[in-house]
Amino acid sequence: MTGGCVSVGSVLSGGGSTPSKHATPKTWVNMVNDFQNGALSTRLGIPYIDGIDVVHGHSAAYGATIFLHNSGLGVTRDPLLIKKIGAATALEVRANGIQYTFAPCIAVCRDPRWGRCYESYSEDPEIVRLMTEIISSLQGEITDDSEKGAPFVNGHKQKIAACAKHYVGDGETHLGENTGNTMISSKKMFGIHMPAYNDSVIKGVATIMTSYSSWNGVKMHANGKLVTGYLKNKLKFKGFVISDWQGIDSITDPPHANYTYSILAGINAGIDMVMVPLNYTEFIDGLTYLVKSKFIPMSRIDDAVRRILRVKFTMGLFENPLADYSMTKYLGCQVNFLRIALFKTVAYVCRYRHFNGCLFFNH
């Protein structure tokens, strides 16, 4: 779980969060290694993992290569291109010392009124499934002898842990409302929105992020049937489940109205790592109380810790916890991939997507 000085398991670089304006790769690496040295100096010396949103290139880093949004990449229907983009992105993220991205978004946008529709590769679940190939290029190609459902990150200097999000059904909320209620049948949920997660687990995705949205009135951050029952038990996913930004707060309406309950519901539903961007001590105190009072069983905590450690071991963090300064040269070196992506997208749209002067979204 995330926490304070001696309890930090992960650090989030939020949107727009940088070491300094126009920070150089070396400045980023210095920051990451300072945090890491702090983690290594604690009693157990367990390395932390640094996570950041890298959804279409490392946009937080000055001078990085920025690729098209997912909606633009989806129209190419080109998994080989998406793999090249994933490999290029992983390299540039590693250039700044960071080991983990909150991507890819594998939402299937079924309502263009949703304000985050551009984060979806397509309204067609088969195209979204095709685009999950980016996981293999962010993390490395999974080997034939890998355990089913286990996280896989290979090539520790050049690859990063991925995060499939937002689990699940965020692209079909009522009237396209962001963080809203997805009011659909089980057949539609498992036939349209779930297949890309099945593929992601098979590809060894390290982490999965729960959605702010609800399914038929049940908040996904509190949906034990889908998080633990389906994802962990049926699909045998062995990585860790992470909340969204202040995601457990949104379990109640209004958010944070009963934070103790939110912690209880979220952790017992199966969330392993909680994204707490502000008052982390409140979370630690609440979780500690709930465990000591036996509202949250220690077995649930053990499961979360086991999953987080499994990902860190898989990433090679225990062997190589500190970022490598020799990687800093790779930031911004992938501009040719951007040119290829732009050319393929424009060519595809010009050839197939014009209709009465309009561009349609992946029909």
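Tyr167 stands opposite Thr210 in β6. This is a predicted model: local features need pLDDT of at least 70, side-chain atom pairs count only at pLDDT 80 or more, and totals for chains, interfaces and linings use all residues. Residues are numbered from 1 along each chain as its sequence is written, and side-chain values use heavy atoms, with hydrogens and water left out.

Strands here are DSSP runs of E with at least two residues; helices are runs of H or I with at least four; both are numbered from the N terminus. Two strands pair if DSSP finds at least two bridges between them. Between β4 and strand β6 (residues 207-210) there are three bridges, in the parallel sense. Ala164 has Ile208 as its bridge partner in β6.

## The β4-β6-β9 sheet

What is the strand order of this open sheet? It is β4-β6-β9, three strands with parallel pairing. β4 (163-167) and β9 (240-242) stand at the edges. Each has a single partner strand, so one side of each is left without a neighbour in the sheet. On average, neighbouring strands are turned by 25 degrees against each other, direction ignored.

β4 is mostly covered, with five of its five residues buried. Buried means under 20% relative accessible area, exposed means over 50%, and partly exposed lies in between (1.4 Å probe, protein chains only).

## Helices on that sheet

Helix α7 (residues 195-202) lies across β4 and β6. It runs at about 155 degrees to β4. Helix α8 (residues 224-234) packs on the sheet and touches β4, β6 and β9. The direction of α8 makes about 140 degrees with that of β4. Contact means heavy atoms within 4.5 Å. Axes are lines fitted to C-alpha atoms, for helices over the stretch in contact, and angles run from 0 to 180 degrees between N-to-C directions.

Strand β1 (residues 10-13) runs parallel to β2, and four bridges join them. Leu12 stands opposite Gly51 in β2. The chain crosses from β1 through helix α1 (residues 25-40) to β2, and this β-α-β crossover is right-handed. That is, with the strands pointing away from the viewer, the path from the first strand over the helix to the second runs clockwise.

Which way do the residues of strand β2 (residues 49-52) point? Ile49 and Gly51 point one way, Asp50 and Ile52 the other, and all are buried. β2 also pairs with strand β3 (residues 100-101), in the parallel sense over two bridges. There, Ile52 stands opposite Thr101.

## The β5-β7-β8 sheet

Another open sheet of three strands has the order β5-β7-β8, with mixed pairing. Its edge strands are β5 (181-182) and β8 (218-219), and each pairs on one side only. β5 runs parallel to strand β7 (residues 214-215), joined by two bridges. Asn181 has Ser214 as its bridge partner in β7.

## Helix α10

Helix α10 (residues 280-292) has 13 residues, which at 1.5 Å a residue should span 18 Å. The expected span is 1.5 Å times one less than the number of residues. The end C-alpha atoms of α10 are 18 Å apart, which agrees.

Which residues of α10 are buried? They are Phe283, Gly286, Leu287, Leu290 and Val291. The buried residues pack against α9 (259-269) and α11 (298-315). The face turned away carries the exposed residues Asp285 and Lys292. Just after α10, Lys294 takes a positive phi of about 70 degrees.
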